[in-house]
Amino acid sequence: MTTTTRRLNLNVGINTTGYLGNAWKYRTGTKHDINDPDYYRRLTELAHQGVFDAVFFSDHPALATDPNGRPFHTIDPLILSTALAAQVPDIGFVVTMSSSYNSPFNLARRTQSTDIISGGRLIINIVSSFNPAVAANFGSEPLPPRAARYARASEFLDVAKKLWASWDPAGEGEVPPERFWDASSAHAIDHEGEYFTIKGPLNVPRGPQGHPVIAQAGASEGGIDLAARHGEIIYCNILSRPAGRAFGKKVKDRAIALGRDPAGIRIVPGLVVILGETREEALRKHELFSGAGSEDGLLARFAKENGIDPADFDPDAVLDGANFIPDQNRLMAVGMGLGLSELLTHEKLTARQAVRRSEGHHRLLLGTPEEVADAIIDFWADGTVDGYTLQPPRAPDDIAEFVEKVIPILQDRGVYPRSYEGKTIRDRYGLPYPA
């Protein structure tokens, strides 16, 4: 397998105890792991063993204090990834950062520095922040409206790109021996926009990837516009083939309308995998890890989360996708809520079937390693997706099991590499280098 051959891309989430909030009770490790840098090093080494393209950190700079939950975001992901990059070779790092609560110069400087230190292994997942608790940690101003957050995010990335390119030592001419450098290799960006006025240039030179790869995770109209304009790796929730094809077409058509080549976009949605020696074993593990306890518990949770009166709930009646479209003006992320409505629009499913198709808003695969590998390849083979971001219910247990049992099958099928190829994340994803 060479980097010119299309191949499956895989990232893996390594936030705290794993993706599912109730699964920590069944994991290997202690409660102190979540603030231990060595724990994240061990997870990253495990991901490296599985030749994952990158480890993924989501982030909300706010502490959830629900006594029945667990902290999911602790150590600053950029700082943690910089330390991990010095200890674990090859693997990339997806770091979530807010455009609403950062300045473009500071973010551009810090991320370009990490990309240089890591040798071109950084992906930044830009989010506009939808949580009022985050806003409250940065001042007294309330969370801006969604449209304003996305407009600011788009200009934010325009500025960051200008800054990342503002000092390019490779462009230096003949430097006289009495001079250290050619100052003309750096230039002011003189940006004046609606949200930012920034002179530049950046005091960190152009990095090994030109600039870090940009990931984006919104699926609302504003999110799709931001993805089409700037996103290179799109993290989303795709629960069915028709929904995935429609989403990919929408993003790429919007990119073309904005004058951008869609060949530089990769669709890498979230994926929750629960393995068993049999499908029945995987079903029981799903009920346990989800906290529902049984299939009836999953159905009761479905009714509660979707505002369905238990007295009117028939778990074996076909559901109407139109009844599950999320409010476009809600504070919570709209894109995550769209997955279910789109699934039910494209497939006629009952609640009993639907609860086995999604967990934590992402596509759920339940079964033996062979069955899971088949399902992963299925959506990739026809181009519905370019890969997945695995969200393991438990860390490290479900990462280790996936690496041991599923990765070898993907490698034997010829869709996934046995070793790291290419020097940078752009090489591994087949993404263009910025001009």
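The model is predicted: local features need pLDDT of at least 70 and side-chain atom pairs count only at pLDDT 80 or more, whereas totals for chains, interfaces and linings use all residues. Residues are numbered from 1 along each chain as its sequence is written, and side-chain values use heavy atoms, with hydrogens and water left out.

Within the sheet, strand S3 (residues 92-98) and strand S4 (residues 122-127) pair in the parallel sense over 6 bridges. Contact means heavy atoms within 4.5 Å. Axes are lines fitted to C-alpha atoms, for helices over the stretch in contact, and angles run from 0 to 180 degrees between N-to-C directions.

From S4 the sheet continues to S7, the two strands being parallel and joined by 4 bridges; the bridge partner of Ile124 in S7 is Ile214. In strand S7 (residues 213-216), Val213 and Ala215 point one way, Ile214 and Gln216 point the other way, and all are buried, that is, under 20% relative accessible area, with exposed meaning over 50% and partly exposed in between (1.4 Å probe, protein chains only). S7 in turn runs parallel to strand S8 (residues 233-234), to which 2 bridges join it. Ala215 has Ile233 as its bridge partner in S8.

The helix pairs come next. Two packed helices are described by the angle between their axes and the distance between the axes. For helix H1 (residues 37-49) and helix H2 (residues 77-87), the angle is about 55° and the axes are 10 Å apart. H1 and H2 are therefore oblique to each other; angles under 35 degrees count as roughly parallel, over 145 as roughly antiparallel, 65 to 115 as roughly perpendicular and the rest as oblique. Their crossing is right-handed, a term for a near helix turned clockwise from the far one by less than a right angle, anticlockwise being left-handed. Pro37, Tyr40, Arg41 and Thr44 of H1 meet Leu80, Leu84 and Gln87 of H2. This contact of H1 with H2 comprises 4 nonpolar, 2 polar and 1 charged residues, where Ala, Val, Leu, Ile, Met, Phe, Trp, Tyr, Cys and Pro count as nonpolar, Asp, Glu, Lys and Arg as charged, and the others, Gly among them, as polar.

Helix H6 (residues 221-230) and helix H7 (residues 241-257) have axes that come within 8 Å and cross at roughly 60°, and the two helices are therefore oblique to each other. H6 passes H7 in a right-handed crossing. On the H6 side, Glu221, Ile224, Asp225, Ala227 and Ala228 meet Phe247, Lys250, Val251, Arg254 and Ala255 of H7. The residues of this contact divide into 6 nonpolar, no polar and 4 charged.

In the pair formed by helix H8 (residues 279-290) and helix H9 (residues 295-305), the axes come within 9 Å and cross at roughly 50°, which makes H8 oblique to H9. H8 passes H9 in a left-handed crossing. His286, Glu287 and Ser290 of H8 make the contact with Glu295, Leu298 and Arg301 of H9. By class, this contact of H8 with H9 has 1 nonpolar, 2 polar and 3 charged residues.

Conventions
Two strands pair if DSSP finds at least two bridges between them.
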